[in-house]
Amino acid sequence: MNIVTAEKQVDNYTAEGSVWHDDGTTCNGTAAMFNALAAANISNLTIADATVNVDYNGDYLYVGVLAAFDMGSSLTNVSITDCDIDVTFDEEGLTYRTDLFTAVGGLEAGGWTNYVTACAASGNITLNATNKVAHGGEVYLGGLLGENYAYMNACRTDIALTLNYADEATAEEDSEIVINVGGLSGSGTQIGTCTVEADIDVNAVKEEGASSVNVGGIIGAQRYLTTSGCTVTAAIATDGCSLDAEKGALNAGGVGGRIDVYYTLQILAYTPVANAGAENNVQNVTINGEVTQTVIADAVSVIPGCWYVANGDYTVSEGLTVPSNIEEVIAAYGSYMPLDSLQQGIIYIMNTPAQPAA
């Protein structure tokens with residue numbers, strides 16, 4: 001199977017948004033067998049030797065083998081074997097967004113509230129992303145999923161990932177580039193009992209300005225919920241990164257690069273108590289040739305303590321009272337929801353030591 005994107009059609013965009021968001025028909029900026037899935041049930045499918053070649057500039061780009069964009073589907077025992085995905089993308093043709101956005105995955109580029117069970121991907125994925133207009137944006141690269149808000153269980157990857165990013169923009173105002181790369185998915189929510197084997201090579205150059213480069217054997221950034229009971233064997237290389245000494249952050253860990261508190265905070269609008277982080281995983285991971293014991297590199301808030309308490313103090317079982325620090329969390333990490341929209345609740349950030357592989 002060969003997939004190539006169509007040429008960019010500038011008139012697909014309006015001030016309100018792109019046409020495919022409006023009518024569900026025109027999926028400019030996507031490349032996959034299915035440009036979009038919604039509430040589908042797909043099982044017992046193998047796609048072998050898929051070749052995906054994309055050279056594109058525009059507002060956003062989602063690239064996967066099965067689907068570019070997936071909302072609320074159930075995927076069971078879907079395997080992508082020996083894929084070869086090569087993507088080159090810049091935002092020089094911006095007409096709708098104001099910065100760069102791309103998500104690339106071996107199975108799907110983006111998964112929202114869907115269930116991915118016993119799925120697998122193997123092969124090679126290369127993403128070349130360049131800022132030519134704005135300095136920032138978002139980049140997601142994963143062996144199975146790119147931008148992931150899915151429930152994943154018993155999945156597998158045997159994947160080689162290469163990311164080459166460069167900032168060549170000449171804009172006067174700086175904006176942050178956020179890069180999330182993982183052997184299973186770029187970002188993660190609820191992940192359990194997955195097995196990952198990955199070679200991950202991340203080269204990111206933004207020598208001036210804000211950047212956050214997050215790399216993990218399983219996930220780049222943990223958003224909501226937990227990654228638990230997984231086994232990962234990975235070789236991660238980040239020595240090709242060159243970032244601003246003060247405004248740049250490079251986070252690399254055996255399981256993940258960081259816990260994204262900005263997103264984690266928002267679940268307090270829906271539930272009084274939640275966990276976020278990683279626990280009970282087994283890892284055998286090297287970073288630039290050295291074995292790492294780090295589970296999630298940026299997993300402890302700059303704010304003292306691991307309890308984030310919303311709209312009130314919290315009393316733990318031992319009778320100790322933990323004072324609310326929700327205002328400090330919002331000040332440090334930001335929130336698109338106002339304080340009075342968040343429930344009285346807690347988020348417990350977990351970063352338990354991984355067991356070494358036998």
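A pocket, as the word is used here, is an open set of points on a 1 Å grid over the protein atoms alone, with protein on both sides within 12 Å along at least five of seven lines, and its lining residues are those with an atom within 4 Å of a point. In this predicted model, the largest pocket is lined by 15 residues, of which E176, V178, S211, S212 and R258 lie nearest its centre.

**The largest pocket**
- The volume of the largest pocket comes to about 210 Å³, and the elements that give two or more residues to its lining are β12 (137-142), β19 (211-216) and β24 (248-253).
- Of these elements, β24 supplies the largest share of the lining, namely three residues.
- Sorted by class, the lining consists of seven charged, four polar and four nonpolar residues.

**Strand β11 and its partners**
- Strand β11, which spans residues 120-131, has nine of its 12 residues buried, and it is therefore largely enclosed by the rest of the structure.
- With strand β8 (residues 74-90), β11 runs parallel and is joined by 10 bridges; within this pairing, C83 stands opposite G123 in β11.
- With strand β14 (residues 156-167), β11 also pairs in the parallel sense, here over 12 bridges, and A121 stands opposite T157 in β14.

**Aromatic rings**
- The structure holds 13 aromatic pairs, and one of them, formed by Y62 and F69, has ring centres 6.1 Å apart and planes at 90 degrees, so the pair is edge-to-face.
- Y62 and F69 are both buried, and they belong to a cluster that ring pairs link together, whose members also include Y60, F101, W112, Y140, Y149, Y224, Y262, Y263 and Y336.

**Helix α3**
- Helix α3 covers residues 326-333, and its buried residues are I326, V329 and Y333; seen down the axis of α3, these buried residues fall within an arc of 60 degrees, so they line one face of the helix.
- An α-helix has 3.6 residues a turn, so residues three or four places apart point the same way.
- On the face of α3 turned away from the buried side are the exposed residues E327 and A331, where exposed stands for over 50% relative accessible area and buried for under 20%.
- After α3 comes G334, whose phi is positive, near 85 degrees.

Methods. Residues numbered from 1 in each chain as written. Predicted model: local features only at pLDDT ≥ 70, side-chain atom pairs only at ≥ 80, totals over all residues. Heavy atoms only, no water. Buried < 20%, exposed > 50% of the residue type's maximum accessible area, 1.4 Å probe, protein only. Helix = DSSP H or I, 4+ residues; strand = E, 2+ residues; numbered from the N terminus. Arc of directions from axis to C-beta. 1 Å grid on protein atoms, 1.4 Å probe; cavity = no way out; pocket = protein on both sides within 12 Å on 5 of 7 lines; lining within 4 Å. Points joined across faces, edges and corners; volume = space filled by probe spheres on them. Nonpolar A, V, L, I, M, F, W, Y, C, P; charged D, E, K, R; others polar. Pairing = 2+ DSSP bridges. Phe/Tyr/Trp six-rings, centres within 6.5 Å; stacked < 30°, edge-to-face > 60°.
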